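This report describes charged side-chain pairs, one backbone feature and the arrangement of strands and helices. Please consult the sequence and structure shown below while reading.

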Amino acid sequence: MLQFLDTTAAPAAGGGMASTLVMLVLMIAIFYFMLIRPENKRKKEAEQMRSALKVGDKITTIGGITGTVVNVKDDKFVIETGADQVRIEFAKWALSTNDSAAAAAKEEAKKAQEAKAKAKAAKKAEKSK
């Protein structure tokens, strides 16, 4: 009846250690899949975007400056901003978004979706014959 007050009862031998180990491994796995892996993926995509930078791209820097790329070097790029054609040199790590590449990716996705829809319609028409 009052077993929880009984001090003579033997504690569980190995169950506590095994369950603690399982919980620890589970927490590490959750942290990996929820935090570490997505962050590494974002870093890889950002590095790929910076390495694919080319002359003529419309970009935005991390400081909010927008412009068109006029020169690309190994670790720097030069952009031209505004109608007065001011040129500013930035380090590649300061690149936030490449608007030209994003627009091209949207256009490609739209074309792929249209091609998929056409193929589906053609398949449906073929079945009805």
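Helices (H or I, at least four residues) and strands (E, at least two) are DSSP runs, numbered from the N terminus.

## Basis of the report

The model is predicted: local features need pLDDT of at least 70, side-chain atom pairs count only at pLDDT 80 or more, and totals for chains, interfaces and linings use all residues. Residues are numbered from 1 along each chain as its sequence is written, and side-chain values use heavy atoms, with hydrogens and water left out.

## Salt bridges

Four salt bridges are found in a search of the whole structure; the term denotes a side-chain nitrogen of Lys or Arg within 4 Å of a carboxyl oxygen of Asp or Glu. One of them joins Glu-39 and Arg-42, with an N to O distance of 3.0 Å. Both residues belong to helix 1 (residues 15–51), where they are three residues apart, about one turn of the helix. Glu-39 is partly exposed at 33% relative accessibility, and Arg-42 is partly exposed at 49%. Here buried means under 20% relative accessible area, exposed over 50%, and partly exposed in between (1.4 Å probe, protein chains only).

Another salt bridge links Asp-57 to Lys-54, their closest N and O atoms being 3.4 Å apart. Asp-57 is buried, at 4% relative accessible area, whereas Lys-54 is exposed, at 52%. Glu-89 and Lys-73 also form a salt bridge, with 3.2 Å between the closest N and O atoms. Glu-89 lies in strand 4 (residues 86–91) and Lys-73 in the loop between strand 2 (66–72) and strand 3 (76–81), so this pair ties together parts that are 16 residues apart in sequence.

## A positive phi

Gln-85 has a phi near 55°, a positive value in a residue other than glycine. Most residues other than glycine have a negative phi. Gln-85 sits in the loop between strand 3 and strand 4 and is exposed, at 55% relative accessibility.

## Sheet and helix packing

An open sheet is formed by five strands in the order 4-3-2-1-5, with antiparallel pairing; two strands pair if DSSP finds at least two bridges between them. Strand 4 and strand 5 (95–98) are the edge strands, each pairing on one side only. Within the sheet, strand 2 and strand 3 pair in the antiparallel sense over four bridges, and Thr-68 stands opposite Glu-80 in strand 3.

Helix 2 (residues 99–128) lies across strand 1 (58–61) and strand 5, at about 35° to strand 5. Contact means heavy atoms within 4.5 Å. Axes are lines fitted to C-alpha atoms, for helices over the stretch in contact, and angles run from 0 to 180 degrees between N-to-C directions.
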